[in-house]
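Subject: Structure for your review

Hello,

Here is the structure I said I would pass on. My notes on what was found follow below it.

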Amino acid sequence: MRRIGLWTTLVTLLAFGFGCGASGGDAAGGGEELRASATISVIQNLVEEVGGERVEVSTIVPVGGSPETFQPSPADAQKISESRVIFQNGLGLEGWLDDLLQSAGGEDVKVVELAEGLETIEDNANGHEDEPAEEGGHSEEEEPAHAEGNPHLWLDVSNSQRYVERIRDALIEADPDGAEEYRANADEYLRELEELDRYIQEQVGEIPEENRKLVTFHDAFPYFAEAYGFEQVGVILQNPDAEASSREVADVVSTVREENVPAIFTEPQFNSGLADTVAEEANVEVYELYSDTLSDTSDAGSYEEMMRTNVDRVVEALG
Amino acid sequence: MFEYLLEPLSFEFMQRGLLASVLVAVICGVLGSFVVLKGLAFIGDGLAHASFGGVALAFVLGANIYLGAFVVAIGTALGIGAISQHGRVSSDTAIGVFFSGTFALGILIISRVESYTTDLFGYLFGDVLSITTGDLWTIGILGLVVLALVGAFYRQLLFVAFDPTVAAASGIPARAFEYLLLVLLGATIVTAIQAVGIILVVALLVTPAATANLLTRRFHHMILVGAAIGSFSALLGIYLSYYLDVASGAAIILVATAIFLSVFAASSLRERFKSPGKPAQSEIG
Amino acid sequence: MENAVEIRDLSVAYNRAQPALSGATLAVPRGAMLGIVGPNGGGKSTLIKAVLGLVAVGSGSVEVLGRSVDRRARRKVGYVPQREDVDWSFPVSAYDVVMMGRVPSMGFLKRPKEKDRSLVWDALETVGMGNFADNQIGELSGGQQQRVFLARALAQEAEILLLDEPVSGVDAPSQHEIFDLLRRLQGEGKTVIVTTHDLSCVAERFDLALLLNRRVVAFGPPEEVFTRELLNETYQSHLMMLDIGGRTVAVEEGGDSQGV
């Protein structure tokens, strides 16, 4: 809530201050390239894998930024107006996209919502409830950040495979000449993802069953937890847009203690102060997991690297 | 009853948060008395926002962000002092120019280092629940320095605050004391931001002292009552945040605001009952 | 006799267009009681501030008790500012205000000593405010407030008392009390310098008068300087001099009439 005034200032200043230069505008390349935009760097990477040489794809939320607290700048509107296809995740992750599309005037641009129609998980309220039946009511009370179901589907590799298929189909529709190439790229990448999925299953197998409990910074990992056999026992900050209450933090600490969780996880795009507080209080370790964004480092330069790094760290933390 | 008081204290982070917010409230209560009487609230707001530029700058340069915030806040304070002393620009205008300038600098910087955005904004909002032992030491030492300086120069500061012209005329370095006050204000704001954030820090500085001003007629009473109201607001606010499950910084400020409004209502009522007997002071003379 | 204040060829300018004061020269002997009169904007407050060292002197010099205006000299000068310059709602008692007079010589970290306290009480008694020591300054009447401020100057052990418009906004009986008090203090050896609009008071009670309008028009005993010509020169169109029944009446623009 408190951020609103500040963000308004920020947006105003950005609007008047600097157009940053269009980072999506290095058109000097092939000339034949299909211009596309992805809302987040994870999706950008998936599009790159499918599009190969034929597609030039840029990301709107920069690497390291959080889509949930992001505010677009004029340069982003420019990126969009130069794109023929825009890939978004959906489920409220990119609440700012509609306004951006409008200001970019891109009515004829094709917007692909990758999560559309996939099975979602309701937001997990803070503080794990043993009876799932209670969860719905509790969620309402806690006002979860994601009203339409949790958007972080890609952290389950099989969902990312669905994403890849949709990306493939959308690219073929926008650029039928490249159909063969897109199919070939997608097939190869889907095989790689299959392998990635196996790798994650194997790694998780090394974690003692009683330790397969996740406490994460924000509610990004329910799909990961469900797909790979973890129990999401707690979330430190239910709504990354708001300040935490002391009760929320105390509840997470109690959960970590009671459930004997060996470590908790933070995410690089958030200030880790609160996670440090919880870890120190409960006397456990803090590890960093990638969720909403890739990184400039080789830890998570691509979706595959990010998922491997995540599972390696989970194994190290809980194993 | 006792259990309710003790339960939150079983968490160390709650103990640290309580201690930090009470310390900050005491410092703010003391300096806030000067702020309220000298009409420095706008400067306080300006310094709070200006310090954000310092945070961003320190972040880019890899320096300690609290040091960065402190240096820029002090620089801004002295800049405002120097410009308004010059006489051709009013101090309100000088504050407006300086604080929006340094705040914009902060925004310009974070817009170039996007990946750090959240960390920097975290600083803006402050978080009394993430106070570390190191933060506590910083707050404690700064509190001691502020209280020691105000204690040592209490009479001079009071004289200069009440009547700067006569203080200067009688040989007190009034200008220097006004700068000292601004420097202490900058340091206090930077410290208090850790507990309640930039947006709420001015409230912690102004509201308890303004309440104390309604209740007291001597300056040292105002300081003591302001510090007491501030500490009480901090304690009650944190307990409320625990039991009602609401944001801590906001709870602290709302308690202080509620106390102010009650005291204001009570004193207005009392004035009304008294008024037929005795003319208001402004009509005398 | 040594002079309390000696001003030589003093010029002060706040902006380049018009000096507030130019070429002022006068010497106020110790123990004198000087009334400074002149139109608004004529430089009365500027002259006071120059003696206090509060304005940058363009040219010329100011000496207080034989020395330039430094910190030690300032302690010997007690200043009572105009009422409008004071925040009367400030939470300080009359005692607190008078104790401020002790601050310059108290030093840092020092608490008031017995001597400081007795000087404060003496000063309060001298001005007749001993019974009001605990009152908040805003609760006092205008005349009482002026007396408290005068007590602060006394507690400072000032030898020269500078009062800027001490009787403006103060009712008539209180005005007389204040002038009587100043007279008494003069009798105790203080040098008293007052700016005022009240020409009759200066004529009756002061032994020196200064007519000021951006320069010294006249300086000397009131009966010598309060002549029709000099007053006309001082106030120009702002004051009309009328002869009524052998008395000269000065009518200041705005309607205040004062007998001289």
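In this predicted model, helix α2(A) lies across β1, β2 and β3 of chain A and runs at about 175° to β2(A). Helix α2 (residues 41-51) is also the link in a β-α-β crossover: the chain goes from β1(A) through α2(A) to β2(A), and the crossover is right-handed.

The strands under discussion belong to an open sheet of four in chain A, with the order β2-β1-β3-β4 and parallel pairing. Since β2 and β4 (110-113) each have a single partner strand, they stand at the edges, so one side of each is left without a neighbour in the sheet. On average, neighbouring strands are turned by 25° against each other, direction ignored.

The pairings, strand by strand:

- β1(A) with β2(A) (residues 55-59): parallel, five bridges. S37(A) has S58(A) as its bridge partner here.
- β1(A) with β3(A) (residues 85-88): parallel, three bridges. On this side the bridge partner of S37(A) is I86(A).
- β3(A) with β4(A): parallel, four bridges. I86(A) stands opposite V111(A) in β4(A).

Strand β1 (residues 34-38) of chain A is mostly covered, with four of its five residues buried.

Further along chain A, helix α10 (residues 273-282) has eight of its 10 residues buried, so it is largely enclosed by the rest of the structure. Those buried are G273(A), L274(A), A275(A), T277(A), V278(A), A279(A), E281(A) and A282(A). The residue that follows α10(A) is N283(A), which has a positive phi, near 60°.

Now the contact between chains B and C. Chain B puts 24 residues into it and chain C 30. On the chain B side, the elements giving two or more residues are α8 (154-162), α9 (164-169) and α11 (219-244). That side divides into 12 nonpolar, eight polar and four charged residues.

On confidence, chain B has a mean pLDDT of 84, and 90% of its residues reach 70 or more. Within chain B, α11(B) has the highest confidence, at 94, and helix α6 (residues 117-125) the lowest, at a mean of 61. Over residues 277-285 of chain B the pLDDT is below 50, and this stretch has 10 contacts in the model beyond near neighbours in sequence. Where pLDDT is low, the predicted coordinates should not be read in detail.

Regards

Definitions and conventions
Residues numbered from 1 in each chain as written. Chains lettered and ligands numbered in written order. Predicted model: local features only at pLDDT ≥ 70, side-chain atom pairs only at ≥ 80, totals over all residues. Buried ≥ 20, exposed ≤ 12 C-beta atoms within 10 Å, placed from the backbone. Contact = placed C-beta atoms within 7 Å. Nonpolar A, V, L, I, M, F, W, Y, C, P; charged D, E, K, R; others polar. pLDDT = per-residue confidence, 0-100. Pairing = 2+ DSSP bridges. Right-handed = clockwise from strand over helix to strand, strands pointing away. Axes fitted to C-alpha atoms, helices over the stretch in contact; angles between N-to-C directions.
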